[in-house]
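User: Hi, I'm new to this one. Please walk me through it in plain words.

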Amino acid sequence: QWYGTRAAMWVRLRHWQTQQTVFFVNHHGPLPVDSGGLCGGEATAYNLLKMIASEAIRGDVVVLVGDFNAGPSTPTLTSLRGHLFPVYTGTSFGGVDNILSSCSMVKERKNLGSGGSDHDALQVKFQL
């Protein structure tokens, strides 16, 4: 039921025109859905924020995306929204797919549909 330990993958990218660095994180949240895993949603959010704080560099724009396996009103997402802007929430499985960011300058939000997946692909364009 728990499907093992969950992780987050990250990369730092630099916009070639503005030279702004983006710290991009992809996360696949723990199961069962809305549980936050064995340690709960607040612990999941804390661990993500701790990783961002230790790996990102001051001035980076943080973009956190993924299937959080947690709906919008869960402790995971409410805790993350205390530190990052909620940019876009998908509709699949009650809103488990999310994009959050330290940047609130959004140019476009778009749901691209499922494309054969059981989740929708979400697209967000930021003004850097």
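**Strands, salt bridges and pockets**

Analyst: Helices (H or I, at least four residues) and strands (E, at least two) are DSSP runs, numbered from the N terminus. This is a predicted model, where local features need pLDDT of at least 70 and side-chain atom pairs count only at pLDDT 80 or more, while totals for chains, interfaces and linings use all residues. Residues are numbered from 1 along each chain as its sequence is written, and side-chain values use heavy atoms, with hydrogens and water left out.

User: Which way do S2 and S3 pair, parallel or antiparallel?

Analyst: S2 and S3 are parallel, with seven bridges in their pairing. For two strands to pair, DSSP has to find at least two bridges between them.

User: In what order do the strands of the sheet come?

Analyst: The order is S1-S2-S3-S5-S4, five strands in an open sheet with mixed pairing. S1 and S4 (85-89) are at the edges with a single partner strand each, so one side of each has no neighbour in the sheet. From one strand to the next, the twist averages 20°; axes here are lines fitted to C-alpha atoms, for helices over the stretch in contact, and angles run from 0 to 180 degrees between N-to-C directions.

User: And how many bridges join S3 to S5?

Analyst: Five, and those two strands run antiparallel. Within that topic, glycine 66 has asparagine 98 in S5 as its bridge partner. S5 also pairs with S4 in the antiparallel sense, over four bridges. Phenylalanine 85 has its bridge partner in S5 too, namely serine 101.

User: Is S5 buried or exposed?

Analyst: Five of the five residues of S5 (residues 97-101) are buried, so the strand is largely enclosed by the rest of the structure. Buried means under 20% relative accessible area, exposed over 50%, and partly exposed in between (1.4 Å probe, protein chains only).

User: Which residues sit on each side of S5?

Analyst: Asp97, Ile99 and Ser101 are on one side, Asn98 and Leu100 are on the other, and both faces are covered. As background, side chains in a regular strand alternate between the two faces of the sheet.

User: New topic. How many salt bridges does a search of the whole structure find?

Analyst: Two. The term means a side-chain nitrogen of Lys or Arg within 4 Å of a carboxyl oxygen of Asp or Glu. One of them links arginine 12 and aspartate 60, whose closest N and O atoms are 2.8 Å apart. Arginine 12 lies in strand S1 (residues 8-14) and aspartate 60 in the loop between helix H1 (41-55) and strand S3 (61-67), so this pair ties together parts 48 residues apart in sequence.

User: Are those two residues buried or exposed?

Analyst: Arginine 12 is partly exposed at 32% relative accessible area, and aspartate 60 is buried at 12%.

User: What about glutamate 108 and lysine 125?

Analyst: Their side chains meet in a salt bridge, at 3.4 Å from N to O. Glutamate 108 belongs to strand S6 (residues 106-113) and lysine 125 to strand S7 (residues 121-126), so the pair ties together parts that are 17 residues apart in sequence. Glutamate 108 is partly exposed at 28%, and lysine 125 counts as partly exposed at 42%.

User: What volume does the largest pocket have?

Analyst: About 360 Å³. On a 1 Å grid over the protein atoms alone, a pocket is an open set of points where a 1.4 Å probe fits, with protein on both sides within 12 Å along at least five of seven lines; lining residues have an atom within 4 Å of a point. Grid points are joined across faces, edges and corners, and the volume is the space filled by probe spheres set on them.

User: Which residues lie nearest its centre?

Analyst: Thr5, Arg6, Pro30, Thr44 and Asn47, out of 19 residues that line the largest pocket. H1 gives the largest share of that lining, five residues.

User: And the second largest pocket, how much space lies in it?

Analyst: About 160 Å³. Its lining residues include Phe24, Val63 and Ile99, and S7 supplies the largest share, four residues.

User: Where is tryptophan 16?

Analyst: Tryptophan 16 is in the loop between S1 and S2, and is exposed at 69% relative accessible area. Tryptophan 16 is 12 residues from glycine 4 in sequence, and the two are 38 Å apart in space, C-alpha to C-alpha.
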